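Here are some notes to read alongside the model, written for someone meeting it today. Please keep the viewer open as you go.

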Amino acid sequence: MKRLLLTVVMAIGIVATRAQYDIIPMPQRISLDAKGAVLNIEGRPQVTERLNKDIASPEGWRMTVGKRGIVLEGRTEVGLFYGCQALRQVLATNPTSLPYAVIESAPRFSYRAMHLDVSRHFFDKDMVKQYLDMMALHAMNTLHWHLTDDQGWRIEMKRWPKLTTVGSVRKRTVIGRNAGIYEYTPHGGYFTQDDIREIVAYAQERHITIIPEIDMPGHMLAALAAYPELGCTGGPYEVCPDWGVFDDILCAGNDKVYRFLEDIIDELTELFPAPYIHLGGDEAPRVRWQQCNRCQQRMREEGLKTEAQLQGYMVRRMEQYLTKKGRRLIGWDEIAECDIDTSAVMYFDYYQLPEDLWEKPFLIGGYVSLSKVYAFDPAPDSLSADVRRHIIGTQANLWTEYIPYKELLEYQVLPRMAALCEVQWTDPERKDYDGFLRRLPRLLSIYDAQGWKYCRKRDNGETLNVEH
């Protein structure tokens with residue numbers, strides 16, 4: 001009986017000791033000291049950082065807790081940075097001691113992204129910086145920044161100044177899901193090029209690459225309101241007060257449109273050092289092109305038989321221009337005219353609780369729960385090895401038609417960002433949702449310390465625990 005009791009007590013001790021390193025994303029390895037030694041860290045613990053080329057992954061890190069204090073190692077500065085984010089979680093609840101241990105981690109995917117739409121509702125420079133801080137805490141390295149759409153142009157372009165003087169402000173905004181009722185307070189805002197440089201530098205300090213998106217040829221009503229000659233009909237146009245997809249797009253037969261796009265690319269590549277520029281390409285109805293003499297003439301000149309081929313011509317022309325500038329074009333799946341598995345879409349503007357637990361305010365609809373995010377596998381075994389090798393990572397998208405203020409943005413993202421970061425870092429066979437929920441309170445305590453709003457309920461309506 002005494003031996004059994006001793007065994008139980010030892011097992012409980014091991015679990016409690018290991019819990020000090022219950023962080024997100026889950027480390028690949030946690031090796032505890034066999035003798036159970038601990039490091040007293042009452043007061044400021046000694047932390048040493050150093051590069052170590054023996055660490056295999058360029059973003060991997062190692063934390064050693066021992067008699068010399070806490071040693072953080074990374075193959076690169078990036079790995080050291082992620083090790084610091086891990087240590088931030090370890091120390092979040094102000095422990096008085098830490099067990100001797102070696103903790104190691106490295107990401108599964110090289111592309112670990114979040115998306116942010118600032119066109120439908122504008123979020124200022126400070127909020128974008130906060131979003132980058134949230135990403136850094138979750139060991140993410142790419143921000144896909146949606147800067148323009150029908151409802152507002154949000155980036156200063158020196159060669160086309162009316163994009164912001166006219167295109168950044170909509171005079172009214174629809175209430176509800178295109179109910180035909182409007183709120184007539186103007187909504188606007190944009191980033192100067194100095195703002196962009198400041199934000200890009202802020203991201204670089206956190207080892208985050210920003211990929212800008214300028215959607216074309218569709219979703220361009222804000223630009224057409226500023227420069228109506230770029231459309232097939234010449235207007236009149238307005239910065240769009242509604243949500244959705246609209247027939248008026250850039251005229252593919254107009255040479256001025258290509259000069260416009262090249263100028264935009266020129267300024268984007270000066271502002272953003274990212275290897276990619278996102279040019280959208282989605283949701284572009286071609287009905288205006290069917291009726292446009294210039295578009296039809298361009299099709300005849302280029303030997304194009306369909307308007308879909310005309311869009312392909314437009315995309316290839318922009319791709320060639322980007323290639324000359326040493327950049328690569330990326331876009332939504334429509335530019336390849338391919339099908340995707342819609343069950344794999346991670347939209348964080350969807351509700352994160354079941355319909356019977358939906359809470360105000362009013363959102364777009366849909367349901368992507370915390371558990372669904374956690375269960376997502378971007379490269380499942382059901383795909384062939386040849387297909388899997390082309391998958392570089394995953395991101396969640398945050399569209400802001402129904403997200404007009406900061407607190408709701410935070411609430412929609414957190415804590416689903418935590419589940420996504422574990423998808424991005426942890427191999428599927430090691431993932432454990434119950435274990436994730438046990439580790440989540442430590443991260444929630446950081447959200448609370450930062451004053452970030454988050455969804456406090458699980459999928460089943462139970463309240464999430466918070467560790468303090």
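How many helices and strands does the secondary structure of the protein chain come to?

1. **Overall make-up.** The secondary structure comes to 15 helices and 17 strands. Helices (H or I, at least four residues) and strands (E, at least two) are DSSP runs, numbered from the N terminus. Please bear in mind that this is a predicted model, in which local features need pLDDT of at least 70 and side-chain atom pairs count only at pLDDT 80 or more, while totals for chains, interfaces and linings use all residues. Residues are numbered from 1 along each chain as its sequence is written, and side-chain values use heavy atoms, with hydrogens and water left out.

2. **Overall dimensions.** The protein chain has a radius of gyration of 25 Å, which agrees with the value near 23 Å that a compact globule of 468 residues would have. This radius is taken over C-alpha atoms, and the globule rule is 2.2 Å times the number of residues to the power 0.38. Along the principal axes, the C-alpha atoms fill a box of roughly 90 × 50 × 45 Å.

3. Of the 468 residues in the protein chain, 54% are buried. Buried means under 20% relative accessible area, exposed means over 50%, and partly exposed lies in between (1.4 Å probe, protein chains only). Take the contacts (heavy atoms within 4.5 Å) between residues at least 6 apart in sequence: 74% of them join residues at least 24 apart.

4. **The nonpolar core.** Which residues have the most contacts inside the largest nonpolar core? They are W145 and W153, in a core of 129 residues. A nonpolar core is a set of buried Ala, Val, Leu, Ile, Met, Phe, Trp, Tyr and Cys residues joined through side-chain atoms within 4.5 Å. In soluble globular proteins, nonpolar side chains tend to be buried together. Leaving aside neighbours within four places in sequence, the contacts of W145 include L116, V128, F191 and F272.

5. **H146.** Strand β9 (residues 142-146) contains H146. Is H146 buried or exposed? H146 counts as buried because its relative accessibility is 1%. The side chains of H146 and D149 are joined by a polar contact of 2.6 Å. A polar contact is a pair of N or O atoms within 3.5 Å; within protein, one must be able to donate a hydrogen and the other to accept it, and residues adjacent in sequence count only if both atoms are side-chain atoms. A polar atom of the H146 side chain also lies 3.2 Å from the backbone oxygen of T148. Not counting residues up to four places away in sequence, H146 touches several others, among them H115, D117, E213 and W399.

6. **Helix α3.** Residues 125-137 form α3, whose 13 residues reach 19 Å from first C-alpha to last, close to the 18 Å expected at 1.5 Å a residue. The expected span is 1.5 Å times one less than the number of residues. Helix α3 is mostly covered, with 10 of its 13 residues buried; V128 is one of them. D124 caps the N-terminal end, with a side-chain oxygen 3.2 Å from the backbone nitrogen of D126. After the helix comes A139, whose phi is positive, near 55°.

7. **Helix α10.** The end C-alpha atoms of α10 (residues 307-324) are 26 Å apart, which agrees with the 26 Å that its 18 residues should span. Its buried residues include Y313, M318 and Y321. The buried residues of α10 pack against several elements, among them β14 (209-216) and α7 (255-271).

8. **Helix α15.** Where is the kink in α15? A kink of about 35° lies at L440, shortly before the proline P441; the bend at a residue is the angle between axes fitted to the seven residues ending there and the seven starting there. Helix α15 (residues 433-450) still reaches 25 Å, close to the 26 Å expected. Of its 18 residues, 13 are buried. D432 caps the N-terminal end, placing a side-chain oxygen 3.3 Å from the backbone nitrogen of D434.

9. **Two single residues.** S105, in strand β7 (residues 101-105), counts as buried because its relative accessibility is 4%. P58, in the loop between β3 (47-51) and β4 (61-66), is partly exposed, with a relative accessible area of 45%.
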